[in-house]
Amino acid sequence: MDHCCCSPTVMQSHASCTTTSRNLNHVGFLAHSFCRSNPLKSRVSFDFRCIISRFSYFDRKLFESRVRRHGFRFRRGGVLRVCAMDDDFSSLDDWGDNNNRPFEFMYSSSDDSDGEIMLQPITDIDLPTPKERMHTSEDSITVTAHRLATLGRTRTKRKTIYGIMNNVGLVVFSTFILFLVDQCAWRIVRLPLAPFHLMRPFLISVLLVSCVGYICVPLFRILKLRSIARREAPSQHSPKKGTPTMGGLYFIPIGLIVAQFVLNFASAEVSGAVLSTIAFAAIGLLDDILSINNNNVGIPGWMRVLLEVAVGMWFSYWLYTTNITTPYSMKRVVPLPAPLGLVSIGKFYPVLTSFCFVSMANGINLTDGLDGLAAGTAALAFIGMSIVVLPICSDLSVFGASMAGACVGFLFHNRYRASIFMGDTGALALGGALAAMASCTGMFFPLFISSGIFVLEALSVIIQVSLFKATKYFRRRGYRFFRMAPFHHHLELCGIKEPVIVGAAYVVASVLVIFAAYVGLTSA
């Protein structure tokens with residue numbers, strides 16, 4: 001009977017298996033058979049000499065133990081024997097050394113074989129447990145490869161489903177809140193407003209950003225606008241290296257244009273908020289460009305803060321010189337809940353405005369460390385501010401709803417697992433937009449409530465750095481309060497999965513938004 005020899009050294013193998021150094025986590029199988037009048041037997045050889053020569057002694061011992069545990073036989077000569085049998089294979093006498101050649105297993109391929117089939121799992125997979133039996137069918141190797149690939153894909157699909165569930169919950173909550181506010185707007189403003197005053201810009205931005213994303217994501221990948229993983233980031237983030245970034249280049253302009261279009265470009269408050277958002281987006285864009293071209297080293301921290309303070313001071317001057325809607329026609333006034341009421345802070349208003357711009361921008365930037373975390377919590381913060389500023393300036397509420405819709409539309413591509421990141425371009429712009437809404441209306445207190453997630457992330461970094469430097473100065477050894485800062489990385493290192501952290505943040509942010517809306521409406 002004719003035989004077809006398979007040798008990996010001469011590239012004539014009809015079935016081959018490749019293994020990386022991660023203990024057989026990535027497995028590829030190539031099954032090929034020829035149709036002839038007589039059944040053929042193909043030999044399957046697996047030669048690991050090249051790979052084993054690169055292993056350290058410790059890694060080789062671990063490799064041998066895993067191989068033995070899964071029922072395979074490992075030879076120190078560098079040959080791994082994997083066997084599968086056909087139904088008519090009745091003897092084990094041929095399972096010999098074959099004159100010191102690599103162990104080969106004979107399987108038959110009949111006229112009904114499927115030709116050439118390539119199965120390449122693309123995710124981390126585990127080998128079968130010792131309880132699993134080797135299949136005794138003609139397609140045993142193909143079936144085994146398919147089973148291994150399915151195991152990894154199942155886990156990935158489950159995690160992806162969690163990201164989709166987070167998105168669905170966020171969209172449902174946002175739509176319900178905005179629809180409810182639209183129905184009760186006349187009680188809040190006591191003036192007639194256009195139908196779907198907040199829902200219309202929100203839905204337009206969602207649809208436009210989600211659709212444009214399918215064009216921009218491949219385009220950014222072609223332009224090689226890819227992120228560089230930070231060395232201090234958790235090891236779970238290493239697969240994210242190379243993901244396109246600077247997503248703020250397309251979803252921020254859409255949110256701004258939709259707001260101006262709905263208002264017919266006739267609102268001075270919205271025009272000022274748009275300018276401040278563009279200014280912060282420009283700072284983030286410069287930082288992103290330098291990071292991509294300079295191995296993740298962007299603008300120095302002190303220079304970025306200085307630029308942000310300068311934009312805040314300019315915005316304060318613009319507020320003072322422009323005729324805009326303010327609480328009770330009084331400028332530099334901060335509305336607070338009873339019994340405090342309206343508090344005039346005078347010359348401290350520009351300082352508070354600059355602080356708000358810097359804190360919001362950097363808070364969102366620190367939060368942008370997990371897929372969908374910054375975009376989703378920012379969308380909820382914009383919804384809360386839209387409700388808060390509605391009695392004072394209804395035009396700014398349209399601006400907030402439009403930016404919230406842009407964030408939700410971006411989540412269609414930024415959810416777990418993200419196909420694009422917003423980068424500093426998007427994070428700083430979102431912070432500038434939120435700060436502008438608060439500065440125009442004096443609603444700083446409700447802003448910090450609705451942005452509680454950003455405040456928590458920023459405080460975790462401040463606590464971590466301060467404690468480390470203080471203990472290192474006084475005790476000659478630095479101590480850390482968290483395993484890693486910001487706080488979401490601490491939760492990751494505690495073993496909590498990324499989609500679970502994001503979903504919990506959405507729930508907390510939703511509660512904070514409702515509370516901020518109540519405080520803001522009672523203050524106004």
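Contact, in this notebook, means heavy atoms within 4.5 Å. I am working on a predicted model, where local features need pLDDT of at least 70, side-chain atom pairs count only at pLDDT 80 or more, and totals for chains, interfaces and linings use all residues. Residues are numbered from 1 along each chain as its sequence is written, and side-chain values use heavy atoms, with hydrogens and water left out.

**Entry 1**

Setting aside residues up to four places away in sequence, Leu430 touches Phe251, Ile252, Ile364, Ala378, Phe382, Met403, Cys407 and Met422.

Next I looked at the nonpolar core, a set of buried Ala, Val, Leu, Ile, Met, Phe, Trp, Tyr and Cys residues joined through side-chain atoms within 4.5 Å. Buried means under 20% relative accessible area, exposed means over 50%, and partly exposed lies in between (1.4 Å probe, protein chains only). The largest nonpolar core holds 97 residues. Phe251, Phe382, Phe399 and Leu430 have the most contacts inside it. Helix H10 (residues 373-388) gives this core its largest share, twelve residues.

**Entry 1: The whole chain**

I counted elements next. Helices (H or I, at least four residues) and strands (E, at least two) are DSSP runs, numbered from the N terminus. I find 16 helices and ten strands in the chain. Of the 524 residues, 48% are buried. Among contacts with a separation of 6 or more, 74% are between residues 24 or more positions apart.

Which helix holds Val209? I found Val209 in helix H5 (residues 199-222). Val209 counts as buried because its relative accessibility is 0%. Apart from neighbours within four places in sequence, Val209 is in contact with Tyr250, Phe251, Ile254, Ala406, Gly409, Phe410 and His413. I also checked Phe412: it is 203 residues from Val209 along the chain, yet their C-alpha atoms are separated by 8.9 Å.

Ser397 sits in helix H11 (residues 394-414). Is Ser397 buried or exposed? With 0% relative accessibility, Ser397 counts as buried. Not counting residues up to four places away in sequence, Ser397 touches His197, Leu198, Ser386, Val389 and Leu390.

**Entry 2: Helix pairs**

For packing I needed two rules. Axes are lines fitted to C-alpha atoms, for helices over the stretch in contact, and angles run from 0 to 180 degrees between N-to-C directions. Angles under 35 degrees count as roughly parallel, over 145 as roughly antiparallel, 65 to 115 as roughly perpendicular and the rest as oblique.

I took H7 (residues 268-293) and H8 (residues 301-321), which pack at about 170° with axes 11 Å apart. H7 and H8 are therefore roughly antiparallel. On the H7 side, the contact residues include Ala268, Leu275, Phe280 and Ile283, and on the H8 side they include Leu307, Val311, Trp314 and Trp318. For classes, Ala, Val, Leu, Ile, Met, Phe, Trp, Tyr, Cys and Pro count as nonpolar, Asp, Glu, Lys and Arg as charged, and the others, Gly among them, as polar. By class, the contact of H7 with H8 has eleven nonpolar, two polar and four charged residues.

Most residues other than glycine have a negative phi, and most peptide bonds are trans. I looked for exceptions.

Asn264 is not a glycine, but its phi is positive, about 60°. Phe265 also has a positive phi, near 55°. Asn264 is in the loop between helix H6 (248-262) and H7, and Phe265 lies in the loop between H6 and H7. Asn264 is exposed at 62% relative accessible area, and Phe265 is exposed at 56%.

Which peptide bond involving Pro339 is cis? The one joining Ala338 and Pro339 is cis, with omega about 10°. Pro339 is in the loop between strand E9 (333-335) and strand E10 (342-344). I noted another cis bond from Tyr416 to Arg417, with omega near -15°. Arg417 is in the loop between H11 and helix H12 (423-441).

**Entry 3: Cysteines**

How many disulfides are there? A disulfide is a pair of cysteine sulfur atoms within 2.5 Å, and by this rule I count zero. Cys184 counts as partly exposed at 27% relative accessibility, whereas Cys407 counts as buried at 1%.
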